[in-house]
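These are my notebook entries on a single chain. I set down what I looked up, entry by entry.

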Amino acid sequence: MDIKELDQSEAMEMFRDSGALLEGHFLLTSGRHSNQYMQCAKVLQYPGYASRLGEELARRYKDQGVELVIGPAMGGIIVAQEVARALGGKVRSLFAEREGGQMSLRRGFAIEPGEKVLVVEDVITTGGSVQEVVELVRSLGGEVVGVGVLVDRSGGEVKFEPRMEAVLQMHIVSYPPDDCPLCSQGLPAIKPGSRNLK
Ligand SMILES: [Zn+2]
């Protein structure tokens with residue numbers, strides 16, 4: 001495998017170009033305001049970008065003997081697929097999903113004891129779902145070689161053993177609505193996902 005490194009600025013350009021990273025004045029679901037908004041699904045709607053981003057995570061783990069890539073549904077499904085494809089050979093791509101609130105393997109998916117597993121996700125903020133997938137893999141006897149994410153929004157706060165890699169490190173700054181510099185400038189706040197947003 002000979003994959004060229006994808007640097008932060010090239011990756012950032014893919015997010016901007018696809019509208020996955022928006023800049024402006026946004027009303028977040030938390031009620032806070034921000035000058036940036038990220039919707040990772042929008043970059044993954046372009047298979048060319050999805051594949052290039054997946055290759056970058058594959059490149060970072062190419063010497064780890066990964067046999068299986070797994071991500072939590074929904075965000076991790078496309079990422080797992082693209083990373084496994086780039087790793088090549090007979091590397092499998094699985095996804096975990098919740099059943100009765102519990103992160104589980106369904107659809108006949110299985111992990112063999114001792115299999116080397118890379119856990120992936122599109123975006124992490126607290127890392128909760130990824131942590132559940134890591135625990136699921138270990139409970140089935142799999143060996144987690146690392147975690148790979150496209151975007152780490154935790155500002156470096158979230159860490160995974162034995163190793164974590166992120167294509168983009170982002171710290172999205174947010175403000176309480178009564179103390180927002182963008183509001184002070186008189187800019188209207190937009191709710192992401194609304195129809196007037198392109
Ligand atoms: Zn504001």
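Helices and strands here are DSSP runs numbered from the N terminus, with helices being H or I of at least four residues and strands E of at least two. The model is a predicted one, in which local features need pLDDT of at least 70, side-chain atom pairs count only at pLDDT 80 or more, and totals for chains, interfaces and linings use all residues. Residues are numbered from 1 along each chain as its sequence is written.

**Entry: helix α5**

I checked the length of α5 next. Its 12 residues should span 16 Å at 1.5 Å a residue, and the end C-alpha atoms are 17 Å apart, which agrees; the expected span is 1.5 Å times one less than the number of residues. I then listed its buried residues, which are S129, V130, V133, V134, L136 and V137. They fall within an arc of 160 degrees seen down the helix axis, so they line one face of α5; the arc is that of the directions from the helix axis to the C-beta atoms. An α-helix has 3.6 residues a turn, so residues three or four places apart point the same way. I found the exposed residues G128, E135 and S139 on the face turned away from the buried side. For burial I used C-beta atoms placed from the backbone: a residue is buried if 20 or more other C-beta atoms lie within 10 Å of its own, exposed if 12 or fewer, and partly exposed in between. The cover over the buried residues of α5 includes β3, β4, β5, β6 and β7.

**Entry: strand β6 and its partners**

Which strands pair with β6? Strand β3 (residues 68-72) pairs with β6 in the parallel sense over 3 bridges, and L68 stands opposite V117. Strand β7 (residues 143-152) also runs parallel to β6, joined to it by 8 bridges, with K116 opposite E143. The chain crosses from β6 through α5 (residues 128-139) to β7, and this β-α-β crossover is right-handed. Pairing requires at least two DSSP bridges between two strands. A crossover is right-handed if, with the strands pointing away from the viewer, the path from the first strand over the helix to the second runs clockwise. I noted that 8 of the 9 residues of β6 (residues 116-124) are buried, so this strand is largely enclosed by the rest of the structure.

**Entry: E67**

I located E67 in the loop between α3 and β3. Is E67 buried or exposed? It counts as buried, with 21 C-beta neighbours inside 10 Å. E67 and V117 are 50 residues apart in sequence, yet 6.1 Å apart in space, C-alpha to C-alpha. Leaving out residues up to four places away in sequence, E67 touches V91, E115 and K116; contact means C-beta atoms, placed from the backbone, within 7 Å.

**Entry: helix α4**

I found α4 (residues 75-87) mostly covered, with 12 of its 13 residues buried. Among them are G75, I77 and L87. The cover over these buried residues includes α2, α3, β3, β4, β6 and β7. Just after α4, G88 takes a positive phi of about 80 degrees.

**Entry: the chain overall**

I recorded 6 helices and 9 strands in the chain. Buried residues make up 38% of its 198 residues.

Notes:
Two residues are in contact if their C-beta atoms, placed from the backbone, lie within 7 Å.
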